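Here is a short note to read beside the model. Keep the charged side chains in view as you go.

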Amino acid sequence: MSSQTVAPRAGPVTGLYPALPAEERSGSRGMALPRLPAVLASSSAGPTRMSLFGSTSGFGTGGTSMFGSTTADNHNPMKDIEVTSPPDDSISCLAFSPPTLPGNFLIAGSWANDVRCWEVQDNGQTIPKAQQMHTGPVLDGCWSDDGSKVFTASCDKTAKMWDLNSNQAIQIAQHDAPVKTIHWIKAPNYSCVMTGSWDKTLKFWDTRSPTPMMTLQLPERCYCADVVHPMAAVATAERGLIVYQLENQPSEFRRIESPLKHQHRCVAIFKDKVNKPTGFALGSIEGRVAIHYINPPNPAKDNFTFKCHRSNGTNTSAPQDIYAVNGIAFHPVHGTLATVGSDGRFSFWDKDARTKLKTSEQLDQPISACCFNHNGNIFAYASSYDWSKGHEFYNPQKKNYIFLRNAAEELKPRNKK
Amino acid sequence: MTICQFFLQGRCRFGDRCWNEHPRGGGGRPHSGPVRGAGGGWGAASQRYANVIQPPIFKHSTWGGSGDGGGFSGASDFGSPGNKSAVFSQNRFSALSSAHPADGFSDEEQRLLDCVAKDMATWESSGQWMFSCYSPEAGKPNVSGFREFSAEEVRLEYYNCSANNNTENYINSVNQLVQEWRNRLQELKALNASGKESLLSQLKNAVTQPLPSLGFGGQQASSFGFPSFPVSSSSSAASFSFKANPSVPPGNAAAVGSSAAASNPPTFGVTSSPSVPNPVGSGNSSAPSAASFSFKTSGTTSGCGTSGLSGFGSSAAANSSSTAPLPVSATPSAATGTSQSGASSASAAQTAGASGHNVTSAPSAVPNGIASDKLYTPRSELTAEELEQFEAKRFTLGKIPLKPPPIDLLYL
């Protein structure tokens, strides 16, 4: 254990110690890292990591050429912290607790019908805290703004509210089809839970009442959504894309023609310099992300798309393998974004400089979800099968992982001019 | 001679007076042809296309069709003489239209078609997710014939099926969907002339229509080979020839045709009770037949013919109106079904109010010819023309029957 000299809360979670049993095969390598002083702004940790652009965060070699390893196990090529007791089936969503809670708590919903909660300590230790069950796979989860409740959406067509203090969960929403997205809305004059479902509706629930406060029709099944007050963006099947404004009461603001050619898979709202939501990033199954501003001064120039999660880089002769973008998350402080894909890589991007900051090594499974913690120090990503290749590639025995990575340095934007 | 750079960009002001060389076949560049409008009175061309449905934008195509529009655009001396020079130009340059086959697509249309072909090739080779919609360009509507499912939906079906020990069913359905996807993709990769035209009209028509509040959904319904909308591309009608899939109980198969009707909102509020001959795929929970996937309420509207095939929650809510509290998956969720009905009828009413006009658009689009929720029409009820359509190998655009086919014409 390193001697933590840094002030607890504010410090980045550097020097994360994988407090894991020897199963972490790269034990020796993993231990080497933490020797880096866990100092604010990680001046030493920073350069080390940054210089390893494109290689593992170990010592420059690829994940497979490990000394002493018998099998080419690529489950953690980035040498990130593994969360203990990960779910038994694919992880569908990750969410960190809001800043109102001291410390960092992570929840993850999985296809094993459960949602689990861990406490993530500054030294990197993860302590499983509690879990709740649904009767169907959990597709999405989120925290209330005060950090006391966790809302979960499931294929059993319900959404539940989990009170962490009492460890009780009650049903708060009902749909006619699996609930795909759930978000907490905290407006000055109201608060509610927004659920999007494959039954083509968006419902808003006051958790105390069994009937929704409001129901909005969607053109098609809801595939993904994001909420940053007062804006909500919902992407549906058939390339549907709708933006809602949430002041006073939720109402449709604009239907947007999709900037992408294929199925929408994930969406994330970003904010401008004064912390107002100003646009969103939309990812599709075709290895492409579109950055779209709601009211740009020059739409043709300001909105753009970029390709990601494809094999073969710039080599245009051979056909590329194209992978779906499974998740997008914006760094809460820097405004840069992370994307995770079916190819088992994550990438960091700077949308203002329109450059890629970093791409990870390839994991042996797709990365199905990702998120940042409230201050942007921790980047969590889940490695589990996302069904992108059908049932033939599904191995129920394969272990699923959630990794935590220090994100304070790597996501700093490129300096423009 | 030097090659004229402006001509290559499609904007040479001198046309054939230009001192530089205008290479043949270089006229495929996209450009805004200001002089395009003058092609209306082009006798020869209009004759050629008389019996094909062409959108008003056709005028563009006659210009572009003659090969290098580059010589025309911006060349005011071509515009004013009108017909005479137009015909003259066409004759002159028709030999140059090696880049453009005689079907005379404008540059923009050609670009779209090329884009589609290229995208199809990429889609096939890249290993990306198959069950996705597709559009050649941002802002264009979706191309019909592609069913859209997210990975989670497919996965859920698998989980449900394996809970019921029904995985072969799942596998068959998925294989089938894959097959359909492949067929449609091959079709689009190598479009023949009629395919091209229908594709283009699809892309154009749907765009110009004003979007009702259920913008996307409504649009899709209209462009997806759906019987009630003759605009449906003939290609989609061809491939989804109402063949019922042997693996699927007949009940679902014909759901296609009648599903348009079924979408009448009133039937929705009705609960998931199996007794309702709800063409919306799975009369729900009635175990085994439903087990073949209620791939979700209506899933995609495109599934016109295909939905019947795989019973994938058949395109039901066609015009994607209303909440569609359609009975969901195969798992014996009948219990939840009943409790939902209360909620769903409430919400149906609520949403019916909220989205009043798309609900009305659905029934209005569906003429009275459609019987209630019958899955098949007995022969006696079909007109001779409809019968003829059903018996033909392919539907003729504009004559596609609105009633479901008689059961004996289905290949089961």
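1. Start with Arg221(A). Its side chain forms a salt bridge with Glu220(A), with the closest N and O atoms 3.0 Å apart. A salt bridge here is a side-chain nitrogen of Lys or Arg within 4 Å of a carboxyl oxygen of Asp or Glu. Both Arg221(A) and Glu220(A) are buried (buried: under 20% relative accessible area; exposed: over 50%; partly exposed: in between; 1.4 Å probe, protein chains only).

2. Arg221(A) also meets Glu153(B) in a salt bridge, at 2.8 Å from N to O. Glu153(B) sits in helix α7 (residues 151-163) of chain B, and Arg221(A) in the loop between β13 (214-217) and β14 (222-228) of chain A, so this pair joins two chains. Helices (H or I, at least four residues) and strands (E, at least two) are DSSP runs, numbered from the N terminus. Glu153(B) is buried, as is Arg221(A).

3. Now Asp364(A) and Lys398(A). Their salt bridge has its closest N and O atoms 3.2 Å apart. Asp364(A) lies in the loop between β25 (355-359) and β26 (367-372), and Lys398(A) in the loop between β27 (378-383) and β28 (401-406), so the pair ties together parts of chain A that are 34 residues apart in sequence. Asp364(A) is partly exposed, at 35% relative accessible area. Lys398(A) is partly exposed too, at 31%.

4. Shared partners link Asp80(A), Lys358(A), Arg405(A) and Glu410(A) into one network of salt bridges. Over all chains, the structure holds 22 salt bridges.

5. A word on method. This is a predicted model: local features need pLDDT of at least 70, side-chain atom pairs count only at pLDDT 80 or more, and totals for chains, interfaces and linings use all residues. Side-chain values use heavy atoms, without hydrogens and water, residues are numbered from 1 along each chain as its sequence is written, and chains are lettered from A and ligands numbered from 1 in the order in which they are written.
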